[in-house]
Amino acid sequence: MVEKDYWKYSESMNSESFRDLMLTYGQDVWNYAFFMTRQAYLADDISQDVFFKAYSSIQTFRGEASIKTWLIAITRNIAINYRRSAFMRKVILVERIFYKDSHPSAENEALGCGQSHPIWDVVLKLPLKYREVLILDAKYELTMKEMSSVLGISEGAVKSRLSRARQKVAAIWKEEPEYEQA
């Protein structure tokens, strides 16, 4: 679906347009939620919340950015709220205590096998502020202005974070055994 097609749904969204929105951007939203939280079950919940919010507030979409950028911004805000909630901090803490020595689940193994390149393992090791700017740049190919809008920081800060993130990835990558083989 062409980006301009969403304008005709800005007043109200019907089930067909909502389905198209989910099919077009659902994987991008889930992937970004996963990179923000590093938990598949949280990415599922966040994705549902994002599309519920998009459905209920499509009339707030002003068209200043692309619909994709708008959805990514919603995803980021919801993911941050999940991470801040006391419930999530307790669940994650309990998960680390009780499941630290267990074997990875079939879902985690499948996610690990599905990664296209080991560089994403390195990216996932970064602190959130560096991880998200790399994801927005490399995976979603957002402009500096769009990243600035999504992150709520200046374009200069985006450039600075992106540079630092790339330096950190390069430093970690050089320490990885895969780097030595390449």
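Modeller: Leaving aside neighbours within four places in sequence, Leu71 is in contact (heavy atoms within 4.5 Å) with Leu21, Tyr25, Val29, Val50, Phe51 and Ala54. Keep in mind that this is a predicted model, where local features need pLDDT of at least 70 and side-chain atom pairs count only at pLDDT 80 or more, while totals for chains, interfaces and linings use all residues. Residues are numbered from 1 along each chain as its sequence is written, and side-chain values use heavy atoms, with hydrogens and water left out.

Colleague: Is Leu71 buried or exposed?

Modeller: Leu71 counts as buried because its relative accessibility is 0%. Buried means under 20% relative accessible area, exposed over 50%, and partly exposed in between, with a 1.4 Å probe and protein chains only.

Colleague: Which helix is Leu71 in?

Modeller: Leu71 is found in H3. Helices here are DSSP runs (H or I, at least four residues), numbered from the N terminus.

Colleague: How do H3 and H8 cross?

Modeller: Their axes come within 9 Å and cross at roughly 35 degrees. The axes are lines fitted to C-alpha atoms over the stretch in contact, and angles run from 0 to 180 degrees between N-to-C directions. Thr69, Ile72, Ala73 and Arg76 of H3 make the contact with Glu146, Val150 and Leu151 of H8.

Colleague: And which residues of H8 are buried?

Modeller: Glu146, Met147, Ser148, Val150 and Leu151. Their cover includes H1 (15-37), H3, H7 (128-139) and H9 (155-175). After H8 comes Gly152, with a positive phi near 70 degrees.

Colleague: Switching topic: how much space lies in the second largest pocket?

Modeller: About 350 Å³. A pocket is an open set of points on a 1 Å grid over the protein atoms alone, where a 1.4 Å probe fits, with protein on both sides within 12 Å along at least five of seven lines; lining residues have an atom within 4 Å of a point. The volume is the space filled by probe spheres set on the points, which are joined across faces, edges and corners.

Colleague: What lines that pocket?

Modeller: The lining has 17 residues, with Arg62, Glu64, Ala65, Trp70 and Ser149 nearest the centre. Helices H3 (67-84) and H8 (144-151) are the elements that give two or more residues, and H3 gives the largest share, 5 residues.
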